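User: Hi! Could you walk me through this one? I'd like to start with how the strands pair up.

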Amino acid sequence: MENYSSPKMRRSDENTSVIFSAFVFVIAAAILMTAMFLAFGHITIWTLLLSLIVAVLLVFTVRIAPQWERDVVLRLGKYNRTAGPGLYFTIPFIEHVSLRVDQRMMLTGFSAEETLTSDLVPVNVDAAVFWMVWDPGKAALEVEDYYDSVSLISQTTLRDAIGRKTITDIIAHRNQLDEELKEAIEEKATPWGVSILFVEIRDIIIPKDLQEAMSAEARADKNRDARISLVEVERDIASMLHDASEIYTNDPIAFKLRQMHLVNESLRESKGSLVVPSSYADGFVEESFEQARKG
């Protein structure tokens, strides 16, 4: 996870201020030596030394900060101001830049290895915190190394949060754990001028034997739910059959019609035919009309 973290050290292509200082030094020294040569007609060791001293003073005076950077300036050891971005000036030997703060969004990966949950299950959790410095002055004065401090409090906060939850809570309520971590880390980092944007849990690794046990439990729960659903369906069917039997008991004609309907359905599906004796059919008709007349 540390491979995804924002680099703590400055990359070579970000050394804008160093390149600018070198440019100021060369240009200042060249201009002064040229002016002295034109004025006196020659360059001595003293004119060369004076040109170098003035160039060094200009390097300590004229500074520049990139768009994403803020420089914390101390005057005689006390906080004076936050400079940048762009061109700014300092008093040589009186003021100096104590810290250059990158105000872009930063990414820090952290993890909790072999941490016990509240139900004593060892888990490995990988997470990432996205943050930025909103007050460079506090980042310089309130904490020695704000980058490492954010990483450390993120890790300890994650361990504390895992220790208060069961393994089921961690897996089932991952988003809730993200919000808890964000609030807890931000509470500790705010005095340092650091704002926590959001926290994301990347991976939760539990022991393999526990994974198998949880999988078996999940399958058992599904089988139980399926059996319960089947019993409920059977109960509904039995209830409907009971109601139908009462109707057919009290109404023989409806029962006969149901019989004929079932016979018709079976013949239509099988594409067969049924021969009914005329005496049986006549008896059915007479019996049906007799029942209708009495009713």
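This is a predicted model: local features need pLDDT of at least 70, side-chain atom pairs count only at pLDDT 80 or more; totals for chains, interfaces and linings use all residues.

User: Noted. How many bridges join strand 6 to strand 7, and which way do they run?

Analyst: Nine bridges join them, and the two strands run antiparallel. They form a hairpin with five residues between the strands, where leucine 120 takes a positive phi near 65°.

User: Is strand 6 mostly covered or mostly open?

Analyst: Mostly covered: eight of the 11 residues in strand 6 are buried.

User: And what order do the strands take in that sheet?

Analyst: The order is 6-7-8, in an open sheet of three strands with antiparallel pairing. Strand 6 and strand 8 are at the edges with a single partner strand each, so one side of each has no neighbour in the sheet. On average, neighbouring strands here are turned by 20° against each other, direction ignored.

User: What about the pairing of strand 7 and strand 8?

Analyst: Those two pair in the antiparallel sense over 10 bridges. Within that pairing, tryptophan 131 has isoleucine 196 in strand 8 as its bridge partner.

User: Which strands does helix 4 lie across?

Analyst: Helix 4 lies across strand 6, strand 7 and strand 8, and runs at about 35° to strand 6.

User: What does tyrosine 146 touch?

Analyst: Leaving out residues up to four places away in sequence, tyrosine 146 touches Leu99, Arg100, Val101, Asp102, Trp131, Val133 and Ala139.

User: Okay, changing topic: how many salt bridges does the structure hold?

Analyst: Eight. One of them joins the side chains of glutamate 69 and arginine 100, at 3.8 Å from N to O. Glutamate 69 lies in strand 2 (residues 69–75) and arginine 100 in strand 5 (residues 95–102), so this pair ties together parts 31 residues apart in sequence.

User: Are those two buried or exposed?

Analyst: Glutamate 69 is buried, at 2% relative accessible area. Arginine 100 is partly exposed, at 27%.

User: What about glutamate 95, what does it form a salt bridge with?

Analyst: Its partner is arginine 75, and the closest N and O atoms are 2.4 Å apart. This pair also links distant parts of the chain, with glutamate 95 in strand 5 and arginine 75 in strand 2, 20 residues apart. Glutamate 95 is buried, with a relative accessible area of 4%, while arginine 75 counts as partly exposed at 35%.

User: And where does arginine 104 come in?

Analyst: The side chain of arginine 104 meets that of aspartate 102 in a salt bridge, 2.7 Å from N to O. Arginine 104 is partly exposed at 32% relative accessibility. Aspartate 102 has 18%; it counts as buried because the cut-off is under 20%.

User: Which residues are joined into one network by shared partners?

Analyst: Glu69, Asp71 and Arg100.

User: You've mentioned strand 2 and strand 5 a lot. How many bridges join them?

Analyst: Seven, and the two run antiparallel. In that pairing, valine 73 stands opposite valine 97 in strand 5. They belong to an open sheet of three strands in the order 3-2-5, with antiparallel pairing. The twist from one strand to the next averages 25°.

User: Last one: how do helix 1 and helix 2 cross?

Analyst: The axes of helix 1 (residues 16–40) and helix 2 (residues 45–61) come within 8 Å and cross at roughly 145°. The crossing is right-handed. Among the residues that meet there are Phe25, Ala28 and Leu32 in helix 1 and Leu48, Leu52 and Val59 in helix 2.

Technical notes: Residues are numbered from 1 along each chain as its sequence is written. Side-chain values use heavy atoms; hydrogens and water are left out. Contact means heavy atoms within 4.5 Å. Buried means under 20% relative accessible area, exposed over 50%, partly exposed in between (1.4 Å probe, protein chains only). Helices (H or I, at least four residues) and strands (E, at least two) are DSSP runs, numbered from the N terminus. Two strands pair if DSSP finds at least two bridges between them. Axes are lines fitted to C-alpha atoms, for helices over the stretch in contact, and angles run from 0 to 180 degrees between N-to-C directions. A salt bridge is a side-chain nitrogen of Lys or Arg within 4 Å of a carboxyl oxygen of Asp or Glu. A crossing is left-handed if the near helix is turned anticlockwise from the far one by less than a right angle, and right-handed if clockwise.
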